[in-house]
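Welcome, and thanks for taking a look at this one with me. Please open the structure and keep it beside you while you read.

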Amino acid sequence: MTGRVARLEARRRRRRRLLTTAAAVTVAAAAVAALAGGALRQGDDVTETPSGDATPAASARARTMLLVRAPHEPGPAKGVTLFAVGPADGQAAVVLLPVGTLMDVPGHGLERLGAAFQYGGAALVEATVENTLGVDVDHSAAVSDAGLAALLGRVGPVEVDVDRRLVARPGDGEPSLRFAAGPQHLDGPRLVEFLAFRDQPDDELSAFPRQERVWRALFGALAG
């Protein structure tokens with residue numbers, strides 16, 4: 001096996017592994033478009049990186065946007081979500097990409113996806129995702145938790161079904177109940193807290209079902 005063939009085969013294996021750990025949510029296309037449009041109008045809390053692909057071929061394929069949750073201080077990304085809107089069938093998908101997944105980051109070799117943001121911002125995360133998944137990303141945006149809360153808050157409080165009690169257990173303080181089990185109406189800041197909540201010994205993938213509930217609730221409200 002030549003070096004080039006070996007590299008291609010290794011990339012295909014990494015892509016298959018990533019797709020088995022990523023979580024996808026199918027939603028209404030109009031809802032994704034509404035959210036993406038809002039993200040690109042948020043101002044100081046969002047850094048947009050348009051890819052500039054406005055060719056006829058681009059309009060005939062799925063339109064995509066990459067949303068990167070930026071850290072409070074310089075460092076790796078806290079979350080990466082890919083939105084895709086089909087060209088004709090009116091459906092869309094939201095793909096939650098684990099930031100801990102090892103990918104081939106251009107110029108940096110095999111690294112965690114989240115580290116790409118630390119090295120080169122949303123543009124490098126976009127290039128990494130494009131190379132790994134073999135997709136074209138039309139827009140990418142880096143958003144702080146405060147900016148994401150403001151964006152999601154535009155939809156208004158939405159009902160989210162919390163499957164179990166979530167208790168914060170800080171190392172230097174008393175445990176506190178953050179979310180009770182059952183249906184709850186959450187505004188923008190609480191939605192971000194819920195989708196980002198990490199309980200010991202939870203890992204990143206264990207938070208994906210909560211993120212799926214948030215996106216489904218939001219897109220359901222937008223589609224309605």
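1. Let's begin with the whole chain. This is a predicted model, and the protein has seven helices and 12 strands. Of its 224 residues, 43% count as buried. The protein exposes about 11200 Å², with 53% of that supplied by carbon and sulfur atoms. Among contacts with a separation of 6 or more, 62% are between residues 24 or more positions apart.

2. Now for the aromatic rings: the structure holds two aromatic pairs. In one of them, the ring centres of Phe 83 and Trp 215 are 5.4 Å apart and the planes stand at 85°, so this pair is edge-to-face. Phe 83 belongs to strand 4 (residues 79-85) and Trp 215 to helix 7 (residues 208-223), so the pair ties together parts that are 132 residues apart in sequence. Both Phe 83 and Trp 215 are buried.

3. Phe 179 and Phe 194 also form an edge-to-face pair, with 5.2 Å from centre to centre and 70° between the planes. Phe 179 sits in strand 11 (residues 176-179) and Phe 194 in helix 6 (residues 188-196), 15 residues apart. Phe 179 and Phe 194 are both buried.

4. In general, nonpolar side chains tend to be buried together in soluble globular proteins.

5. Which residues does Phe 194 contact, leaving aside its neighbours within four places in sequence? They are Val 160, Val 162, Leu 166, Phe 179, Leu 186, Arg 210, Arg 213 and Val 214.

6. Strand 4 deserves a point of its own. Six of its seven residues are buried, so strand 4 is largely enclosed by the rest of the structure. Strand 3 and strand 4 run antiparallel and are joined by seven bridges. Leu 67 stands opposite Thr 81 in strand 4.

7. Turning to charged side chains, the structure holds six salt bridges. One of them joins Arg 69 to Asp 145, with the closest N and O atoms 3.3 Å apart. Arg 69 is in strand 3 and Asp 145 in helix 5, 76 residues apart. Are these two residues buried or exposed? Arg 69 counts as buried at 10% relative accessibility, and Asp 145 counts as buried at 14%. Arg 69, Lys 78 and Asp 145 are linked in a network of salt bridges.

8. Arg 213 and Asp 163 meet at 3.8 Å, N to O; Arg 213 is in helix 7, while Asp 163 is in the loop between strand 9 and strand 10 (166-168), 50 residues apart. Arg 213 is partly exposed at 28% relative accessibility, and Asp 163 is partly exposed at 46%. Arg 190 pairs with Glu 193, the closest N and O atoms being 3.2 Å apart. Both residues, Arg 190 and Glu 193, lie in helix 6, three residues apart, which is about one turn of the helix.

How values were computed: Residues are numbered from 1 along each chain as its sequence is written. This is a predicted model: local features need pLDDT of at least 70, side-chain atom pairs count only at pLDDT 80 or more; totals for chains, interfaces and linings use all residues. Side-chain values use heavy atoms; hydrogens and water are left out. Rings of Phe, Tyr and Trp (its six-membered ring) pair if their centres lie within 6.5 Å; planes under 30 degrees apart count as stacked, over 60 as edge-to-face and the rest as tilted. Helices (H or I, at least four residues) and strands (E, at least two) are DSSP runs, numbered from the N terminus. Buried means under 20% relative accessible area, exposed over 50%, partly exposed in between (1.4 Å probe, protein chains only). Contact means heavy atoms within 4.5 Å. Two strands pair if DSSP finds at least two bridges between them. Accessible areas come from the Shrake-Rupley method with a 1.4 Å probe; for residues, only the protein chains shown count as cover. A salt bridge is a side-chain nitrogen of Lys or Arg within 4 Å of a carboxyl oxygen of Asp or Glu.
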